[in-house]
Amino acid sequence: MPICRYILLFSLFSVLFHYSDAQQTFPVNGVADERHITYALTNAKIFVDYKTSIDSATLLLRDGKILAAGKNISVPSDAYTIDLKGKFIYSSFIEMDSDYGMPEVKKDRGNDDRGPQFISNTKGAYNWNQAIRPEVNASTQFSADEKKADELRKLGFGTALVHQHDGIARGSSALVTLGNGKENELMLREKAAANYSFNKGSSTQDYPSSLMGSIALLRQTYYDGQWYAAGGNKKEENLSLDAWNKLQALPQIFEAGDKLNELRAARLGSEFNVKYIIKGNGDEYQRVDELKATGSSFIVPVNFPAPLEMTDPYEAINVSLAVMKHWEFAPANLSAMEKAGLNFAITSTGLKDKKDFWKNIRKALDNGLTEEKALKALTQTPAELLGVTNETGSLKKGMLANFIVTSKNIFDKDNIIYENWISGKRYKISDLELKDIRGTYKLNVGSDPTLKLRITGGFLQPEASIQTDTGRVKVTLTRTATLVGIEYEMPKKAGREVVRLSGSVSDNQKTEMKGTGQLANGDWINWSAVLDSEFVPEAKKDTAKPMIAEGKITYPNSAYGWTELPKQKTILFKNATVWTNEPQGILTNTDVLIADGKIKQIGKNLSAPNAEIIDGTGKHLTSGIIDEHSHIAISSGVNEGTQSVTSEVRIGDVVNSDDINIYRQLSGGVTSSHLLHGSANTIGGQTQLIKLRWGQSPEKLKFEGWGGFIKFALGENVKQSNWGDKQTVRFPQTRMGVEQTIVDAFTRAKEYEAAFKKFTAADSKTKASLSLPRKNLELDALVEILNNKRFITCHSYVQSEVNMLMHVADSMGFRVNTFTHILEGYKVADKMKKHGAAGSSFADWWAYKYEVMEAIPYNGAIMHKVGITVAYNSDDAEMARRLNQEAAKAMKYGGVSEEDAWKFVTLNPAKMLHIDNRTGSIEEGKDADLVLWNDNPLSVYASVVRTYVDGICYYNQSDDLTLRAEIQKEKARLARKMIEAKNKGEKTEKPAEQPDDGVFHCEDEPKN
């Protein structure tokens, strides 16, 4: 083939190659301009990744991709070269949690007169619940927003993971670049991750109304997805479940909220072998060890709280120590996470003002975060979490040309981000050629005498003034890289004279400015300014010193928290009056030895080497009080009352280990609390028994090996008697309907169990013709009741309803374990005994609503004499601190003996909860849950000296007095520190009205 043909073919191939490279689906309007420019950025210090930098290096890029980065790189002759001597280049950052380009979320509740909404109002073959929206695709919603993109670019971000922050299952997020252009050009990954939260967002549907409801809904959806993928229901087309299953292969991101919700999210994920990337809220330092144990990665904001206004001491006194401590420790959060070895990315989301981003990053550095970890958290880590390390996050051959050009180290306080290049396109933030014109100049304006011009302030926003014989004149200064404008008013006898000057900045090493200007009379003049002395920044004052966290993290990080969790000891109580709750009765001058969390010996004149000796002379030692009906230590709602049957929800999912009521109740001798769902519906949620291990994490509060209970309710609450005129839709509305609700639920549970048994027993051929049963968490709990694996505690008042439930239970084949409240129990005590039910009542509550009009204080004593196991409970955070006095009322009303009255709050609730083999009495081998009193525990003068749980002293009266003084001292220190921060120029916020401390009661209505 002749050489000319080779040349012709090569030329044709080159044209076709360039054409295909430039081809787009959009038509060209005008003349096509597809340039292929090679850029060479030379002589810069380049951070090719978060830990590797190269001095005096070159970055070569073309068509939005990096060709090379390093030293001794051959620069093509046609390259556009930019000399960046003295400048720095970093990979642009990746924002992991953004709503950039997403439509605004609007929660339209419609008419305020609307009633309950039980089913989704979303049209189409979607999920039954509006908050489950996996079909939502951020890529189809994305609309580029230049203003918001520019805001993020100025911070150094070049890429963002975007999704609509709405709902519990939020659908997929898209990975986009933050450049200008068509959405098609900006999108890197159409579906980059799946997103979840505990917040139902804009959903107008009632369910869920609680945190435990959100968790239950997610748990059920996971099972529904598995069932749907297995072809379980051949009749139902569910676009939401189909989308849900398709998203499971993507990175799974969960916006959890606080540190306890982060633990909850991780625990939920572990049930389904899902390792979430968890978006937190900056308080991870409070449970950093537990969070590390989850193995999760995190997305962490830097939206540190502002110091509070402490001027008014009466407002300040109401600010909790927890809030004040978090203000101090929030900037140290990232450092704590780094030291603990947690993997995290940093997000700008949550900042009220994006301009605070770098200020807060530097606060984190001041508090121990390393620069390497910070840079990794903004670049490499997000790329790794999203699986795009071959595209972005570092500056290597073939990767996107996403990088920033800075004046100094990116973390330097005086650093300037000059440019942010995205996909090879240059976005100028500050003028790269801008000179530092600060200093003192000799200013000559026309024939006027020489003036002294001083330019100070910041490099980007300098301030200028002119010194005259009569004082200092303020100057309005404008400038670009090469041009400068000066305007000032000179005082004259007849008034003020405006002078306007315009000129250029010289390229000489010695800074000089000159040009022309106009005087007030219109005369044109020449002017010049020659640098007389260099600008010298003022020495940093003490106010510039960073504020470092000086306090100690406690568990929980609030008042009365532990700096170090207490440990088990070997302890010998000597010469105490011991209330055994066993046949031995009350023993005087008796010793009790505890070790390894258990009661080892009971007797007289005991000895134990290395044991801590506690003198019990004149004191009383009892087993710990057990509150059979409590609503403390529960997060975000005690009722999921949006449906009549919510047996799928679990109090165990929302245990709040930070609740101060745990500590307060330890001071009243309580060692275990049975946390109940409220009484808003006929069949409520599963309960959780905890031990009051103050300072431990939620999971470590749970009573190990406990069988499990569930809350039922009867009466006014469940038929919504006092919920308002709009609440007339949810069944039941009558007491007759309550019965039918229970019968129907257990009928469905029996059918459900039978279907599973049939399917499980069938051979493979028969299974092919059967529909795969759908796992139903609501019915699973009821099947457990039928199989005697879960037990009922039922809110009850009126005798007719108590009779009704026992009849239903007998007919359906289950037993009511406990009737709680049971204020008309004295009327049906014989029937309760026959059924085998216990009674957990109030001591002397009556007439506080219509259905308790016939309650009497002798109720407990009467049931006890009939032979029913009777307990007195609190149902109230305050009353639980004095259940010992409630027990004494059984002696006043009904003449119950001293020992039996004490059992009403110790051994009897232990029997009801099936834990009397572990606790409730002082017996060798039982858990060392003990209380030392200064007097007879049934006396109104008795107070707790010490409270032990598993042999660990969680409350000590003398330590409590010391703690009170320390808390006051710590709050005073933090108040002074907030005032100091204010004086250093930090913006303060008015103390917010303190939210309730999570105190719930049975009748608290669900909130949407």
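Q: Why does Phe157 count as buried?
A: Buried means under 20% relative accessible area, exposed over 50%, and partly exposed in between, with a 1.4 Å probe and protein chains only. Phe157 has 0% relative accessibility, so Phe157 is buried. Phe93 is likewise buried, because its relative accessible area is 0%.

The model is predicted: local features need pLDDT of at least 70, side-chain atom pairs count only at pLDDT 80 or more, and totals for chains, interfaces and linings use all residues. Residues are numbered from 1 along each chain as its sequence is written, and side-chain values use heavy atoms, with hydrogens and water left out.

Q: Why is the pair of Phe93 and Phe157 called edge-to-face?
A: Rings of Phe, Tyr and Trp (its six-membered ring) pair if their centres lie within 6.5 Å; planes under 30 degrees apart count as stacked, over 60 as edge-to-face and the rest as tilted. The centres of Phe93 and Phe157 are 5.8 Å apart and the planes stand at 80°, so the pair is edge-to-face. Phe93 lies in strand β6 and Phe157 in strand β7, 64 residues apart.

Q: What makes Tyr100 and Phe142 an edge-to-face pair?
A: Their rings are 5.6 Å apart centre to centre, with 65° between the planes. Both Tyr100 and Phe142 are buried.

Q: What makes the charged end of Arg153 sit over the ring of Tyr427?
A: A charge sits over a ring if NZ of Lys or CZ of Arg is within 6 Å of the ring centre and within 35 degrees of the ring normal. The charged end of Arg153 is 4.3 Å from the centre of the Tyr427 ring and sits over that ring.

Notes:
Helix = DSSP H or I, 4+ residues; strand = E, 2+ residues; numbered from the N terminus.
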